[in-house]
Amino acid sequence: MGVLMSKRQTVEQVQKEVLEDKEAEAGTPVVQEESSVNRAAWERLRDGRGVEPEEFDRTSRFTPPAFIRPTRKLDDDKPPDICLEPREPIVNDEMCDICEVWTAESLFPCRVCTRVFHDGCLRRMGYIQGDSAAEVTEMAHTETGWSCHYCDNLNLLLTEEEMYSLTETFQQCKVIPDCSLTLEDFLRYRHQAAKRGDSDRALSDEQEEQAARQFAAMDPEHRGHIEWPDFLSHESLLLLQQLRPQNSLLRLLTVKERERARATFLARGSGNTISEAECRWAQHSWFCKRLIEVPSCGVSISHVGPLADSSPASSSGKSQDKPLLPAEHESRSVDWPTFLQENAVYILAARPNSAAIHLKPPG
């Protein structure tokens, strides 16, 4: 009969096994090489970078503590019951997700899920290092908020089968994991991915221009390349759009994300509908991750996405942010279920802390 272990015990067990691996390096070269590969793969998963394609068949050995890839339920394609009213209460966890201990010291809440973390625990596990520690401290208790290591990595939304499909695509297109991509690399990959399974297929000029715009959205600082985690998140989102029905994507939204969607719909809409223009505005505005000056006290819910009309930050840039639409689109009214469906994938895409836009909305 198995013994149930707490999350803290699991972490300690993994750390013990890593230490034993280090001590065993004094053995044969084969053992030393295997130990080094094990640690490197575990560290990649720990840092949210995923497993290299050639090592995919061994992912179960390198899964971070307390994490298992999700599985799809039989009924996840059925419409979820997400009503506009009543509002859902949001209650953050009381204990640190890593050590499972409550203390009087400040806990960092995730803006996406209800997990909270100690600064020291995040440091010990290597989830924040160097300058990022100060950034987490500054962001976690603002309206902008901070995403924990689970929510920051969109690749963790994929099931084992979906991850296998993505890995196979990377292998066939000769993508080198953990490396940044230039625009030329990205366009070459998009062409190869389009031809996969049909050598006669190719990207049209319009599709290539769209891919170039997506690359620019993932390179907001205009450095000429995109980082591997941003590319991996983008490709994970495209695969989710391709393989999952719309209702399945809706089921991925957390209570905090659903509440932000409700607040936006009620603030921008009129009664039970919202205009097409406001719906498109919301799709773009989820990616507004700029810092907003607020008191540094603890908050019950962090904010990412559109601000209410009464907010000074929204009133100054509202007219500039709204995409221009043809007259026929302006007249279309969007109800709450449709608004949620058309925004779900962009709400998911806005989870990472990165300034990159991992899925550029149309317009």
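In this predicted model, the sulfur of Cys96 lies 3.8 Å from the closest cysteine sulfur, that of Cys121, which is too far for a bond. The protein chain has 363 residues, of which 45% count as buried, and its secondary structure comes to 15 helices and six strands. Among contacts in the protein chain with a separation of 6 or more, 74% join residues 24 or more positions apart.

**Cysteines**

- A disulfide is a covalent bond between the sulfur atoms of two cysteines.
- The cut-off for such a pair is a sulfur separation within 2.5 Å, and the 3.8 Å between the sulfurs of Cys96 and Cys121 is therefore too far for a bond.
- By this rule, the count of disulfides is zero.
- Cys96 has a relative accessible area of 1% and is buried.
- Cys279 also counts as buried, at 1% relative accessibility.

**Helices α7 and α8**

- Two packed helices are described by the angle between their axes and the distance between the axes.
- Helix α7 covers residues 183–195 and helix α8 covers residues 205–217; their axes come within 10 Å and cross at roughly 135 degrees.
- That angle makes α7 oblique to α8, since an angle counts as roughly antiparallel when over 145 degrees.
- The crossing in which α7 passes α8 is right-handed.
- On the α7 side, the contact is formed by Leu183, Phe186, Leu187, Arg190 and His191, which meet Glu208, Ala211, Ala212, Gln214 and Phe215 of α8.
- The residues of this contact comprise six nonpolar, two polar and two charged.

**Helices α6 and α9**

- The axes of helix α6 (residues 160–172) and helix α9 (residues 228–243) come within 11 Å, with a crossing angle of roughly 120 degrees.
- α6 and α9 are therefore oblique to each other, because the range for roughly perpendicular is 65 to 115 degrees.
- The crossing of α6 and α9 is right-handed.
- From α6, the residues Glu162, Ser165, Leu166 and Phe170 take part in the contact; from α9, they meet Trp228, Phe231, Leu232, Glu235, Ser236, Leu239, Leu240 and Leu243.
- Sorted by class, the contact of α6 with α9 has eight nonpolar, two polar and two charged residues.

**Backbone at loop residues**

- Most residues other than glycine have a negative phi, and most peptide bonds are trans.
- The peptide bond from Glu85 to Pro86 is cis, with omega near 0 degrees.
- Pro86 belongs to the loop between α2 (29–46) and β1 (107–109).
- Glu100 is likewise found in the loop between α2 and β1, and its phi is near 55 degrees, a positive value in a residue other than glycine.
- Glu100 counts as partly exposed, at 32% relative accessibility.
- His222 has a phi near 55 degrees, again a positive value in a residue other than glycine.
- The position of His222 is in the loop between α8 and β4 (225–226).
- With a relative accessibility of 68%, His222 counts as exposed.

Key
Residues numbered from 1 in each chain as written. Predicted model: local features only at pLDDT ≥ 70, side-chain atom pairs only at ≥ 80, totals over all residues. Heavy atoms only, no water. Axes fitted to C-alpha atoms, helices over the stretch in contact; angles between N-to-C directions. Helix = DSSP H or I, 4+ residues; strand = E, 2+ residues; numbered from the N terminus. Parallel < 35°, antiparallel > 145°, perpendicular 65-115°, else oblique. Left-handed = near helix turned anticlockwise from the far one by under 90°. Contact = heavy atoms within 4.5 Å. Nonpolar A, V, L, I, M, F, W, Y, C, P; charged D, E, K, R; others polar. Buried < 20%, exposed > 50% of the residue type's maximum accessible area, 1.4 Å probe, protein only.
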